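The exercises below are to be worked through with the sequence and the structure side by side. Try each task before reading its solution.

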Amino acid sequence: MTTAKNKGKTAAIVAYITIFGTIAAFFINYDEKSDYAYFHIRQAMGLFATFFLISIFVGYFNSIMISSSFYIFFSVLWFYGFLSALNNSTKPVPLVGEFYQNLFKMVGQNNN
């Protein structure tokens, strides 16, 4: 017997594997429409969008301390989200997870 979380687990895990994985996870989950997978797709979209936006500004600093702090911070958030997907959990990423859920709420909405 499969639960709703187990049905979307593959898409949830794939979502955290680069931005291309997030796009692939959206299409993997397109037919199943698992809320669990959409939760993690929204989290991964937010993480990658934040990474790209902040890295633009971090790139202007010529400081190994600022760059390494940014990469460590992002890696911890990514790892938290990835482990959450592996453990069938829907805990939002600390600090920004709830914001991502609200910002990307149109992803996975039922348009019937």
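**Exercise 1. Decide whether Leu95 is buried or exposed, and describe its place in the chain.**

Solution. Leu95 counts as exposed, because its relative accessibility is 76%, and the cut-offs are that buried means under 20% relative accessible area, exposed over 50%, and partly exposed in between, with a 1.4 Å probe and protein chains only. The next step is to locate Leu95, which lies in the loop between H5 and helix H6 (97-103), where helices (H or I, at least four residues) and strands (E, at least two) are DSSP runs numbered from the N terminus. Finally, Leu95 and Ala49 are 46 residues apart in sequence, and their C-alpha atoms are 15 Å apart in space.

Before going on, note that this is a predicted model, in which local features need pLDDT of at least 70 and side-chain atom pairs count only at pLDDT 80 or more, while totals for chains, interfaces and linings use all residues. Residues are numbered from 1 along each chain as its sequence is written, and side-chain values use heavy atoms, with hydrogens and water left out.

**Exercise 2. Find what Asn88 has in its backbone and how accessible it is.**

Solution. Asn88 is found in the loop between H5 and H6, and it has a positive phi of about 55° although it is not a glycine. Its relative accessibility is 24%, so Asn88 counts as partly exposed.

**Exercise 3. Work out whether Ala12 is buried or exposed, and which residues it touches.**

Solution. Ala12 has its place in helix H2, and it is buried because its relative accessible area is 0%. Leaving aside residues up to four places away in sequence, Ala12 touches Tyr36, Ala37, His40 and Ala85, where contact means heavy atoms within 4.5 Å.

**Exercise 4. Describe the largest nonpolar core and say which element gives the most to it.**

Solution. A nonpolar core is a set of buried Ala, Val, Leu, Ile, Met, Phe, Trp, Tyr and Cys residues joined through side-chain atoms within 4.5 Å. The largest one has 24 residues, and those with the most contacts inside it are Tyr16, Ile41, Leu47 and Ala85. Two or more residues come from each of helix H2 (9-14), helix H4 (35-58) and helix H5 (64-86), and H4 gives the most, with nine residues. Taking Leu47 as a case, and not counting residues up to four places away in sequence, we find that it touches Tyr16, Phe74, Leu77, Trp78, Val93 and Tyr100.

**Exercise 5. State how many helices and strands the protein has, and how compact it is.**

Solution. The secondary structure comes to six helices and zero strands. The radius of gyration is 15 Å, close to the 13 Å that the globule rule gives for 112 residues, so the protein is as compact as a globular protein of that length; the radius is taken over C-alpha atoms, and the rule is 2.2 Å times the number of residues to the power 0.38. Of the 112 residues, 36% count as buried.
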